[in-house]
There are 2 protein chains.
Amino acid sequence: MNFKTILGSFFTNKNDLAKKIKNIVGFYPNDVFLFERALVHKSAVHDHTSSYKKSNERLEFLGDAVLGAVVADYLFKVYPNEDEGFLTKMRSKIVSRHSLNDLAKKIGLDHIVIARLDKKSKTDSIYGNAFEALIGAIYLDKGTKAAEKFILERVIHPYILLEKLEKEETNFKSRIIEWAQKEKRDLIFEILSEKGEGREKVFEACVKLDGKEVARGKEQSKKKAEQKAAEEFCKQFKILDE
Amino acid sequence: MNFKTILGSFFTNKNDLAKKIKNIVGFYPNDVFLFERALVHKSAVHDHTSSYKKSNERLEFLGDAVLGAVVADYLFKVYPNEDEGFLTKMRSKIVSRHSLNDLAKKIGLDHIVIARLDKKSKTDSIYGNAFEALIGAIYLDKGTKAAEKFILERVIHPYILLEKLEKEETNFKSRIIEWAQKEKRDLIFEILSEKGEGREKVFEACVKLDGKEVARGKEQSKKKAEQKAAEEFCKQFKILDE
């Protein structure tokens with residue numbers, strides 16, 4: 001077991017698991033094995049000594065789509081006068097990898113996820129993925145309405161503050177720096193020019209990827225110009241959709 | 001009206017529209033105005049003389065999410081033994097811009113879309129977008145089950161041949177060439193090397209974007225190596241998700 005750590009507990013007792021699931025989702029599952037699978041990260045399967053034969057990835061695929069639809073419907077109704085650009089941005093903020101990991105921890109999923117990882121492994125997305133898989137399990141076990149009820153009553157209403165989210169400026173610069181690190185790409189910012197005086201001052205920044213300029217932005221401060229260039233970069237690489 | 005063309009007809013009679021909708025979706029709408037909005041491309045709104053005050057973009061946002069969930073559920077159940085990679089690929093093929101435009105035309109949406117466009121404008125996505133908006137309208141008008149029934153019975157079962165789709169190799173090269181044209185980027189393919197002899201021969205191709213190499217692929221023919229490099233490129237730029 002050198003360099004390995006086991007996250008969460010392996011459930012020997014299905015009643016124990018059913019109780020834990022009930023605390024999180026609000027009902028006892030019909031099919032507790034379905035919910036168990038939702039908790040299994042692929043690292044716990046690849047090991048041939050594991051008693052888990054399949055990971056939660058198929059359930060994650062399903063849950064991701066169900067979550068997307070429920071959040072779209074919710075935002076559509078909460079914001080009857082906003083355009084689709086606003087709705088898309090708000091949804092991205094709610095279902096971003098970062099936000100889903102955070103929500104997963106808030107509802108206590110991190111205590112029951114089943115994974116087997118090197119200590120150095122990135123564990124960032126394990127909880128968010130299990131959260132999506134859990135939604136997939138609820139959807140299969142109890143149907144659309146139950147999945148919707150869980151998402152709204154147990155997740156969005158208690159933990160998503162829309163007013164705060166509306167104002168939250170996405171930090172595009174830190175997002176693309178993270179992205180470049182993950183993708184092992186070389187990314188730098190450069191201030192290209194500085195024109196005008198005082199209040200009229202305008203800076204132009206650019207983002208270079210592997211030495212090649214790919215996006216620009218003009219604004220009244222260096223920081224804002226970089227954010228604008230980074231936002232443009234995000235659009236080109238569809239980084240916020242992740 | 002120079003250089004302008006009107007696609008579809010403006011409905012003076014709501015009963016006429018309700019009948020046309022019925023022929024496409026299989027039922028008379030409760031709220032015919034909702035369905036009318038689903039047909040309005042933004043080009044018909046921007047003109048201030050237009051009687052259409054809002055476009056179908058919000059409905060498209062909603063319908064896109066509902067369609068994604070219905071297709072995910074459908075594929076999840078049709079393919080109980082395939083992994084999420086397969087399911088994701090199949091869904092991409094079904095909900096790609098190209099496929100949605102095609103499906104929209106098959107169900108006859110192209111005859112009733114309301115748009116006002118320069119002849120030179122790209123009209124590619126108008127029908128697919130209206131198709132998604134129509135799903136949004138059905139969802140709001142009659143609920144989840146009705147949207148699902150429409151998607152499965154009126155679109156997927158008659159027009160999507162899964163066996164054909166499974167075998168269909170995505171033409172990654174043509175996809176990224178299209179993408180680069182749309183984004184006004186400079187994209188070229190290059191064969192980097194050619195090693196070995198006869199059956200052992202291996203070609204390596206790369207894709208350069210604006211003069212900078214961004215993806216590579218190795219295969220036994222030049223054509224296949226280019227496809228592989230283009231596939232890698234698609235992943236990086238998330239082009240198939242569009």
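A: Let me begin with a term: angles under 35 degrees count as roughly parallel, over 145 as roughly antiparallel, 65 to 115 as roughly perpendicular and the rest as oblique. This is a predicted model, where local features need pLDDT of at least 70 and side-chain atom pairs count only at pLDDT 80 or more, while totals for chains, interfaces and linings use all residues. Residues are numbered from 1 along each chain as its sequence is written, and chains are lettered from A and ligands numbered from 1 in the order in which they are written.

Q: ok, at what angle do α5 and α6 of chain A pack?
A: Helix α5 (residues 97–106) and helix α6 (residues 126–142) of chain A pack at about 75°, and their axes are 7 Å apart; α5(A) and α6(A) are therefore roughly perpendicular to each other.

Q: which residues meet there?
A: Among them are A:Leu100 and A:Leu103 in α5(A), and A:Tyr127 and A:Phe131 in α6(A), where contact means C-beta atoms, placed from the backbone, within 7 Å.

Q: switching to chain B, which residues of α6 are buried?
A: In α6(B) (residues 97–106), B:Leu100, B:Asn101, B:Leu103 and B:Ala104 are buried, meaning that 20 or more other C-beta atoms lie within 10 Å of a residue's own. They cover an arc of only 165° around the axis, which puts them on the same side of α6(B).

Q: and what do they pack against?
A: The buried residues of α6(B) pack against α5, α7 (126–142) and α8 (144–159) of chain B.

Q: how many residues does each chain give to the contact?
A: Chain B gives 23 residues and chain A gives 22, and the largest share of chain B's side, 12 residues, comes from α4(B).

Technical notes: Axes fitted to C-alpha atoms, helices over the stretch in contact; angles between N-to-C directions. Helix = DSSP H or I, 4+ residues; strand = E, 2+ residues; numbered from the N terminus. Contact = placed C-beta atoms within 7 Å. Buried ≥ 20, exposed ≤ 12 C-beta atoms within 10 Å, placed from the backbone. Arc of directions from axis to C-beta.
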